[in-house]
Amino acid sequence: MSTHDAERGAGVPGPRTGPAPDSARTDERGTKAPGLTARTEGRRPQAPAPRRSTALSSRTRTRLAAGTLLTPFFALFTVAMIVPVGYALWLSLFTEKQSGLGFDGPRTVFDGLGNYATALGDQAFRDGFWVLLGYCALYLPLMIGGAIALALLLDTALARARRFFQLALFLPHAIPGLIAALIWIYLYTPQLSPVVAAMEAGGIGFDFFSAEGTLPSIVNIALWQWLGYNVVIFYAALQAVDRSLLEAATVDGAGNWRIAFSVKLPLIRSSLVMVLLFTVIGSLQLFTEPLILSRGSGSAVTSTWTPNMYAYSAAFERNDYGLAAAASVLIALVAAVLSFVVTRFTNRRKEARP
């Protein structure tokens, strides 16, 4: 046996016959080891194949899906909102004037802000906003307070036949406003209404069409139609309240009034703000009820009683579409300002609350 074979038998490793590992091919400074062959030196490491970014493709698919689903909404919003508002703004800048001798008929000419000045300078248009102010002062507390009270009653553990009362309260909202106004005109008319006859039999005399009774009469119609709708919204919000909080308040000794005002109402605050905002905007659009009531016998409601009625009268009675468009734009601006004030006020109260 040779010396080399003896060393291998003794466990001493012999020379490697396979390719050397990468760590053996280069030293610490990156220079090639002297044992590399020419074949190994000529090979360059291949760069890894670029992988397709799955995150980008997934994001793209999500955007395409969102765009596909939102396109019908934006198309309908543009046709039903943007285009009419833009046309009203354009129409409010023009007016019709007669020629010098009047033989050529009216001509549409650019008037700038003249229609807005005419509307704001008209006493009838300004008085309409005072009517709306009185209407809101009477309508908002009755609507919001009554809807909250009925929703809290339905949410109590002692309430029975909740489904029946929800349906009974919501049914008036399913009746169109025009039909509701006609029904109440019949109930307000003397010699026809059983309600007026019962009031007169009890010694109560009240003229629903008088200057003092017109506003309460219209508020009553609006309450009858919209109260149940808001009750359903508040009741649905109350049903979403965590019942463990109510049980904890009961264990702590809180009564029904304390639970209602300290637990339930703060938890449905977002629903309260939404209903208040929609009620304010709807109040500014008061039109159907007073218009129908103005057709009643001896009614104190005039054709310009509210701002919307003023715009309607300017368009379809005086054929002044520029003035009607300007009045409509002014009403929309007032609604936008009031909406901003309501949301700003409620947000500040929310931030101030610890």
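**Reading helix packing, ring pairs and backbone angles**

Student: At what angle do helix H8 (residues 177-188) and helix H10 (residues 214-239) pack, and how far apart are their axes?

Tutor: Two packed helices are described by the angle between their axes and the distance between the axes. Here H8 and H10 pack at an angle of about 130 degrees, with their axes 10 Å apart. H8 is therefore oblique to H10 (angles under 35 degrees count as roughly parallel, over 145 as roughly antiparallel, 65 to 115 as roughly perpendicular and the rest as oblique). Axes are lines fitted to C-alpha atoms, for helices over the stretch in contact, and angles run from 0 to 180 degrees between N-to-C directions. From H8, Gly177, Ala180, Trp184 and Tyr188 make the contact, and from H10, Ser217, Asn220, Ile221, Trp224 and Gln225 (contact means heavy atoms within 4.5 Å).

This is a predicted model, in which local features need pLDDT of at least 70 and side-chain atom pairs count only at pLDDT 80 or more, while totals for chains, interfaces and linings use all residues. Residues are numbered from 1 along each chain as its sequence is written, and side-chain values use heavy atoms, with hydrogens and water left out.

Student: How do H8 and helix H9 (residues 194-201) pack?

Tutor: H8 and H9 have their axes 6 Å apart, at an angle of about 30 degrees, so H8 is roughly parallel to H9. Tyr186, Leu187 and Tyr188 of H8 meet Pro194, Val195 and Val196 of H9.

Student: How many helices and strands does the protein have?

Tutor: The secondary structure comes to 16 helices and two strands. Helices (H or I, at least four residues) and strands (E, at least two) are DSSP runs, numbered from the N terminus.

Student: Which residue in the loop between H8 and H9 deserves attention?

Tutor: Most residues other than glycine have a negative phi, and most peptide bonds are trans. Gln191, in the loop between H8 and H9, has a positive phi, near 65 degrees. Gln191 counts as exposed, at 80% relative accessibility (buried means under 20% relative accessible area, exposed over 50%, partly exposed in between, with a 1.4 Å probe and protein chains only). Asn319 also has a positive phi, near 55 degrees; it is found in the loop between helix H15 (307-316) and helix H16 (321-352). Asn319 is partly exposed, with a relative accessible area of 47%.

Student: How many aromatic pairs are found in the whole structure?

Tutor: The search finds 19. The rings of Phe73 and Phe77 are stacked, because their centres are 5.9 Å apart and their planes lie at 25 degrees. Rings of Phe, Tyr and Trp (its six-membered ring) pair if their centres lie within 6.5 Å; planes under 30 degrees apart count as stacked, over 60 as edge-to-face and the rest as tilted. Both residues belong to helix H4 (residues 54-91), four residues apart, about one turn of the helix. Phe73 is partly exposed at 48% relative accessibility, and Phe77 is partly exposed at 34%.

Phe164 and Phe165 form an edge-to-face pair, with 5.4 Å from centre to centre and 75 degrees between the planes. Phe164 is exposed at 54%, whereas Phe165 is partly exposed at 41%.

Student: Which residues do ring pairs link into a cluster?

Tutor: The cluster holds Trp184, Tyr188, Phe206, Phe208, Phe209 and Trp224. Trp184, Tyr188 and Trp224 are also among the residues in the contact of H8 with H10.
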